[in-house]
Amino acid sequence: TQSTWDRHIFSAEMKHSLLQDMKEKVCVASASDVSVTVQDVDYTLPDGRIVKVSPAARQSTDVLFDPWLMGNGSSGIDRQIPTAIGRCDVDLQSDLWGGVVLAGGTMLGAGVAQRVEAALRMAAPPLASVRVRTASEHAAWHGGSLFASLNDDWYDTSSTVWLTKELYDEAGSGVVHRKFF
């Protein structure tokens, strides 16, 4: 049988855009590790047709917190962020606890930032000020373009802030760690 989604004819770009919008509008992260009851919800397509979004699809952002739901054995972002902050210089950690930015389309789902912030408050040192913000799905692109526009001299291939594709292709992925860490 043909799925509901396949019966609607859209270009690949339109499907991507619709899925992004659907993810932001109807997906919901559980408030904690405890499952919540989520109902089907109707999503109206641009042509007026209605697609029913199942509870499982609505809770797809839970994979960020529980990767095992997809068969992945790694820890979720609510555990990875405190681990990453703990590996940083002690003098930077208070700034990092207070400046967590979630970027990208999946991070914009309802409840994601709140769940991350709640988990970080539990993991943070008692006097740490935890603040979690979300950025647009294009935040990394905007940040990179701003960084690149600061000074044309920074594009010197010997620079410590750039890694050219040519150097990466020539030296392999290990060059990232040798050059920046």
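## Why is it called that?

Biologist: Gln 93 is found in helix α5. What makes a run of residues a helix or a strand?

Modeller: Both are DSSP runs, numbered from the N terminus: H or I over at least four residues gives a helix, and E over at least two gives a strand. This is a predicted model, where local features need pLDDT of at least 70, side-chain atom pairs count only at pLDDT 80 or more, and totals for chains, interfaces and linings use all residues. Residues are numbered from 1 along each chain as its sequence is written, and side-chain values use heavy atoms, leaving out hydrogens and water.

Biologist: How many helices and strands does the protein chain have?

Modeller: Nine helices and four strands. Along the sequence they come as α-α-β-β-α-α-α-β-α-β-α-α-α.

Biologist: Back to Gln 93: why does it count as buried?

Modeller: Its relative accessibility is 17%. Buried means under 20% relative accessible area, exposed means over 50%, and partly exposed is in between (1.4 Å probe, protein chains only), so Gln 93 lands on the buried side. Across the protein chain, buried residues make up 28% of the 181 residues.

Biologist: What does Gln 93 touch?

Modeller: Skipping residues up to four places away in sequence, the list is Ile 85, Gly 86 and Cys 88; contact means heavy atoms within 4.5 Å. A polar atom of the Gln 93 side chain also sits 3.3 Å from the backbone oxygen of Ile 85.

Biologist: Ile 85 is one of the buried residues of helix α4. How do you know which side of α4 they are on?

Modeller: The buried set in α4 (residues 77-86) is Ile 77, Asp 78, Ile 81, Pro 82 and Ile 85. They span an arc of only 135° around the axis, so they share the same side of α4; the arc is that of the directions from the helix axis to the C-beta atoms. Their cover includes α5 (90-97), β3 (100-102) and α6 (112-123).

Biologist: Why is Asp 78 in that buried set?

Modeller: Its relative accessible area is 11%, so it counts as buried. Apart from neighbours within four places in sequence, Asp 78 is in contact with Phe 65, Ala 119 and Leu 120.

Biologist: What makes the pair of Asp 78 and Arg 79 a polar contact?

Modeller: Their side chains come to 3.4 Å. A polar contact is a pair of N or O atoms within 3.5 Å; within protein, one must be able to donate a hydrogen and the other to accept it, and residues adjacent in sequence count only if both atoms are side-chain atoms, so this side-chain pair qualifies.

Biologist: Why do you call β1 and β2 paired?

Modeller: DSSP must find at least two bridges between two strands, and four join β1 (residues 41-44) to β2, so they pair; they run antiparallel. Asp 42 stands opposite Lys 52 in β2.

Biologist: Asp 47 is in the loop between β1 and β2. What is it called, buried, exposed or partly exposed?

Modeller: At 42% relative accessibility, it counts as partly exposed. Its side chain makes a polar contact of 2.4 Å with that of Arg 49.
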